[in-house]
Amino acid sequence: MVSPPAANTTGDASELLARRLRTETRGEVLFDAASRGRYATDASIYQIMPIGVFVPRSERDIALAIEIARDLKTPVLARGAGTSQCGQATGAALVVDHSKYLRRALDIDIEARTATVEPGLALDPLNALLKPHGLWFPVDVSTSAQATLGGMAGNNSCGSRSIAYGNMVHNVLGAKVWLSDGEEVDFGPIASLEPRAARIADFVRSLAARQRSEIEARWPTVLRRVAGYNLDIFHNRSERPYSPDDDVNLAHLLVGSEGTLAFTKTLTLRLSPLPRAKVLGVVNFPTFHAAMDAAQHLVKLGPTAVELVDRTMIDLSLANPAFRPTIESALVGKPAAILLVEFSGDDKETLLRKLPDLVAVMGDLGLPGSVVRMTDDAQQRALWEVRKAGLNIMMSLKGDGKPVSFIEDCAVPLEHLASYTDALTEVFAKHGTHGTWYAHASVGTLHVRPILDLRQGGPEGGAAKMRAIAEEAAELVRKYKGAYSGEHGDGLCRGEWIEWQFGPAIYQAFRAIKRELDPINLFNPGKIIDPPRMDDASLFRFPTPTAPRPYRTIALTPVLDWSAWNVQNNPVTEATTPPGSGGDPTGGFAKAVEMCNNNGHCRKFDAGTMCPSFRATRDELHLTRGRANTLRLALSGQLGSDALTGDAVYEAMDLCVGCKGCRRECPTGVDMAKMKVEFLAHYKARHGFTLKDRLVAGLPDYARTASRLAGVLNLRDRLPPVARLTESLLGLAARRPLPRWRTDTFWRSIEPAIFSGRDQTIKAAQAGGKAAVLFVDTFNGNFETENAGAAARVLKAAGYTLHTLAAHGRHPCCGRTYLSVGMIEAARSKIRALIDELLPFARADIAIVGLEPSCLLTLRDEALALGLGQGACDVAAHALLLEEFISQEAKAGRFNLKFKPAQKPFLVHGHCHQKAFDALNAVFDVLRLIPGARPQPIESSCCGLAGSFGYESGHYEVSMQMAEIGLLPAVREHPDAIVVADGTSCRQQIAHGTEREALHVARVLEKHFSD
Ligand SMILES: Cc1cc2nc3c(=O)[nH]c(=O)nc-3n(C[C@H](O)[C@H](O)[C@H](O)COP(=O)(O)OP(=O)(O)OC[C@H]3O[C@@H](n4cnc5c(N)ncnc54)[C@H](O)[C@@H]3O)c2cc1C
Ligand code: SF4
Ligand code: SF4
């Protein structure tokens, strides 16, 4: 027997643990309930509260933490990005997060094609380092942006191209680790082991020898077997040898051990040449069965990937205007499924010859004319993107029934794939559900998640159905001689099936391995050895009503309309009930929060926006996922009473800049910016508004008067003591210049010849003429008058009858500033007034054209969640940013201004809300109207200023960190370029950080306008 889990989880013990970690290490020690709650889940269905969380800054910190935990008999759980799907990254342990500080590539040997890395380094950053050398680490997991190499080794991860490159185990060359007694040991090729490792190798060799007949009889021989420990290193049972030369490497024993045997200090990896060329053949099938049956024949052609897209996913992609042209270009007729068959290598000409072979095979299979050839790189990339996005849309099903990951990666030999998938589909139907299939047909691992409502208990509940489906799937796997655990590991949902898969004798051998390497059961207890039942509802994130800790949402009246999330779904058809009928006592707010399935995609650092506060801090606390988890825990009473309006939630929401990056980029559409508005409303209702809140919110109201005092108010930036006073009194950072007041506001300097009255504008439109309303916001109107003027002159010159709102010397505002501090009622009344003014134009089908993305797009977003009726919808349908309007009009042949050729390059920084609403392409369209313009995007997330965020003294530093990640360096690198930025905040941040003036696209057009 392995010793019982070392858990010493009493309050005193955990206090002592925290104290010792604080005094003896330099790492971050997070033992409060909310921090622990943020590490209680991974991308699985489970939730286990850790004893505490430790974020080490160095290897020394980790060694000390292991020592302290051992002294105090506290289990330790190594964690990377926490994207595991089976619960292996959760546990009642000290969770050690490697991803923040332990993420260096220590050595890259180009000649030898090896890299030695720290375990917290994610795959994409490693591959970015390797790309210039023509190399990559080819275990291309879908979570490459966030998955760490330590976690990938822990899970024996597998990529889409595993048929060509193998799994993690085939690509790890060595590992330096700590054992639970604290000894540091090098695991590597068997011939060069030091004494301790050699003893372990001898032990495993003799164990394996004793089990040889069992191994031969019971070990799945498919490539994709990741369950248990790799006892077969001495007698390889994988379809592919673990090492190309067939040498035994002791590091392979640790791969897939889910952190239960050792703590990884460094990993040495085998690199591969980056393929220079790729071609794709898309095979269209009349039935799903035919696609599954064909896989075994297609792999004989030597593809690097064969990936499935089924009809559900095809339909989802066709329904999306952005993806429709791409997916259409891959289809022949109306197929039930397509397989993407990729060939890659050094030379495109050679690869092109593979496509006729593919066509011939399909002809032999009775499907002539079924192959679409894709040789263009951009077209291929676009199709892979569709495949990824389709999966994301699928995961965003609203309601308590969710696609549940528990049998999603059984692997069967290819000759049985069709029969297996047919049989499993029947199993789903028998249990009143269905699943959508996707992923790796080449290796017999098809992902499928049946839709189940795990919150429902009893014999008809989700947990009971999950167990029944798992048992029936397991029987099918056995029948077809496959592997039950083929990609995502064992964890909590497949741990109990290890003994079922390998039999009692081999399982005892696994136990012996654990005892040899970790006799005190310090590392991740309850995984692989002695796991709990998969359907133990007390371990669920959403425990059933009869579980010891049932999941209950607190009652709350939301200020925004979340009814679209307050629905239930039909597990077979996926149809949802009407909005508001889902039984959520928070009106849908809690269900919207619960959409976060912890996949961790918000930890990415790509060209997108999500999530700027994480990009700057690398803290789980300041991550979309961390925020969603904190809200979920608060809304379900797990952080104590009144937690929603308490400090812990405030802290989690504090650095959310409301950029809406997550709204677009989170696979399940978690809209944290909107959630922050909801949160702030409740928080402020309890704690009251500060003077700064009132100053920020009321700007549109007092701006007109204040602008008359421009000279006096602008002294603030010239007189440092005054700036310091505003910092101490109002919390406005003294280092941050404020927008410059001016007396010549837009409304005071309106050129009468440009604008027409309301009736005249409507009549012009009704007569078939060109007409628009220019909605000028508080910021452009008061501080950057020339932008509004430029937009007006350009539109006028292009022949539009133009109206602008300026009732009684005031202008109605979009309510943005009020929303940003949580003053919902004031925001609602502002927006209602604005809608009342704009509605006659919307009803006359006249475009409402705005300049500031955050203001104009409020009409298309928050205004619709404030219960303002059909009028809000009508206005939203006509609200366009200037660039969107001009782009649309130009495409319709209605915008024919002539521009002077560009003299300088254009560098474009997109405002986050432009990106969130897919409006940035329009900026490029419009700039391309200028002859010779080749605008280049700046790969940047949020500028960091974000409304009032970066003006606040408490946020100044992090605001500048956000800007320095991409935006400011890019501007400095291009001293000659015209920097185009449509956001007021973005222009302010660029001016502050680089002393360069960025221009609104309206001014760029005006500068190039030749009359
Ligand atoms: C949407 C989605 C798609 C996915 N696609 C794929 C896919 O294509 N292929 C695939 O294989 N997987 C996939 N996964 C699963 C998961 O992303 C991968 O297994 C990933 O490699 C895990 O990396 P991580 O950093 O999140 O590890 P974690 O989840 O943090 O940890 C994984 C395991 O490794 C252990 N571990 C972590 N660091 C160490 C260390 N320093 N020492 C010892 N043990 C350690 C942990 O204890 C844990 O048991 C997917 C998951 C999701 C949510
Ligand atoms: S917030 Fe979205 S991207 Fe982040 S973990 Fe949750 S579901 Fe994934
Ligand atoms: S709105 Fe922006 S800052 Fe806030 S969680 Fe979403 S991506 Fe992060």
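Which strands does helix 10 lie across, and at about what angle does it run to strand 14?

Modeller: This is a predicted model, in which local features need pLDDT of at least 70 and side-chain atom pairs count only at pLDDT 80 or more, while totals for chains, interfaces and linings use all residues. Residues are numbered from 1 along each chain as its sequence is written, chains are lettered from A and ligands numbered from 1 in the order in which they are written, and side-chain values use heavy atoms, without hydrogens or water.

Helix 10 (residues 288-298) lies across strands 12 (277-285), 13 (305-310), 14 (337-345), 17 and 18, and runs at about 20 degrees to strand 14. Helices (H or I, at least four residues) and strands (E, at least two) are DSSP runs numbered from the N terminus. Contact means heavy atoms within 4.5 Å. Axes are lines fitted to C-alpha atoms, for helices over the stretch in contact, with angles from 0 to 180 degrees between N-to-C directions.

The strands under discussion belong to an open, antiparallel sheet of seven, ordered 15-12-14-13-17-18-16. Strand 15 (371-374) and strand 16 (402-403) are its edges, each pairing on one side only. Pairing requires at least two DSSP bridges between two strands. Strand 17 (435-440) and strand 18 (445-452) are joined in the antiparallel sense by six bridges, and Thr 436 stands opposite Arg 449 of strand 18.

Helix 10 also meets helix 16 (417-430): their axes come within 7 Å and cross at roughly 145 degrees. From helix 10, Phe 288, His 289, Met 292, Asp 293 and Ala 295 take part; helix 16 contributes Leu 417, Ala 418, Thr 421 and Asp 422. This contact is made of five nonpolar, two polar and two charged residues. In that count Ala, Val, Leu, Ile, Met, Phe, Trp, Tyr, Cys and Pro are nonpolar, Asp, Glu, Lys and Arg charged, and the others, Gly among them, polar.

Strand 21 (847-850) and strand 22 share three bridges, and Val 849 has Leu 880 in strand 22 as its bridge partner.

A residue counts as near a molecule if one of its heavy atoms lies within 4 Å. The residues around ligand 2 include Cys 596, His 601, Cys 602 and Cys 666, and its shell divides into four nonpolar, seven polar and one charged. Ligand 3 has 13 residues around it, the closest being Cys 611, Arg 627, Cys 656, Cys 659 and Cys 662. Its shell holds nine nonpolar, two polar and two charged residues, with at least two each from helix 22 (624-635) and helix 25 (672-687).

Cys 611 lies in the loop between helix 20 (589-593) and helix 21 (612-617), and the peptide bond joining it to Met 610 is cis, with omega about -15 degrees. Most peptide bonds are trans.
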